[in-house]
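Hi everyone, thanks for coming. I'll walk you through one protein today, so please have a look at the screen.

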Amino acid sequence: MDGKHIRIVPPPKSGSTYYNYKNFNSIVLMALVNSNYEFIYVDVGKNGRLSDGGVFEYTEFGRKLLAKKLNLPDTNATVNNMNYKDLNSEKRIFNYRLSRACNVVENAFGIISSRFRILHTPINMQPKNISYVILAICVLHNFLRRRCNAYISPTTVDSEDTDGCEKHQGDWRNNSVELVGLQPVNSRTATIREKINRDNYKEFFNTEGRVEWQDAMIRAGRA
């Protein structure tokens, strides 16, 4: 899950409501992406002044997650009783695997920016209508991802050469205007539960959940 700022022309008399930390006006697209680069949850329309955490807390997804109303499987229904929060030779392996997962959502945002040119300039509409446009883009992206093989080629997205331990940037990085990320959340001390959860994933990624090339990637300094 990640969020990006969508540039807008602010509506009259809106003052600094949509003015973000990068000094332009925006609304926020917050999205959850699966491994096929498809948007499976989208929230758009929150004003650009909010931080990453602030946006998340105001989304329906965030509210339901905190209230335990998302109907997520209990931990005993998952491998080694792991839950669905943040997914590290151990700590470095963890960081590498987490980075690979985060790269998927970054590529999804990059693809829509390269394909839908309306995202290259500030959108001059009422914020509500802009939200509809962004939702339509996400739906069209999913439709094309599923129905059109030419929409995304093997070189469109970032990839890894697991034999040569090289990372290759996707074509979208040369053909899109980068969507600005959200303001980082202030760091805080992790809770005991969060540390236990992280360590569970660290152990899993180094045992039965390992992939054959991860040690070579670490030796090559890719994480």
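**A quick tour of the protein**

Buried means under 20% relative accessible area, exposed means over 50%, and partly exposed is in between, using a 1.4 Å probe and protein chains only.

Some housekeeping. This is a predicted model, where local features need pLDDT of at least 70, side-chain atom pairs count only at pLDDT 80 or more, and totals for chains, interfaces and linings use all residues. Residues are numbered from 1 along each chain as its sequence is written, and side-chain values use heavy atoms, with hydrogens and water left out.

Okay, what is the protein built from? It has seven helices and five strands, and along the sequence they come in the order β-β-β-α-α-α-α-β-β-α-α-α. Helices (H or I, at least four residues) and strands (E, at least two) are DSSP runs, numbered from the N terminus.

Now let's look at one pair of helices. Helix 3 and helix 6 (residues 192-205) pack at an angle of about 95 degrees, and their axes are 9 Å apart. The axes are lines fitted to C-alpha atoms over the stretch in contact, and angles run from 0 to 180 degrees between N-to-C directions. So the two helices are roughly perpendicular to each other; angles under 35 degrees count as roughly parallel, over 145 as roughly antiparallel, 65 to 115 as roughly perpendicular, and the rest as oblique.

Who makes that contact? Helix 3 brings Glu90, Lys91, Ile93, Phe94 and Arg97, while helix 6 brings Arg198, Tyr201, Lys202 and Phe205. Contact here means heavy atoms within 4.5 Å.

Staying on helix 3, which covers residues 90-115, we find Asn107. Is Asn107 buried or exposed? Buried, because its relative accessibility is 0%. Leaving out residues up to four places away in sequence, Asn107 touches Tyr37, Val157, Asp158 and Trp172.

Asn23 sits in the loop between strand 1 (2-7) and strand 2 (26-33), and it has a positive phi of about 70 degrees although it is not a glycine. Asn23 counts as exposed, at 55% relative accessibility. Lys68 is in the loop between helix 2 (60-66) and helix 3. Its phi is also positive, near 60 degrees, again in a residue other than glycine. At 71% relative accessibility, Lys68 counts as exposed.
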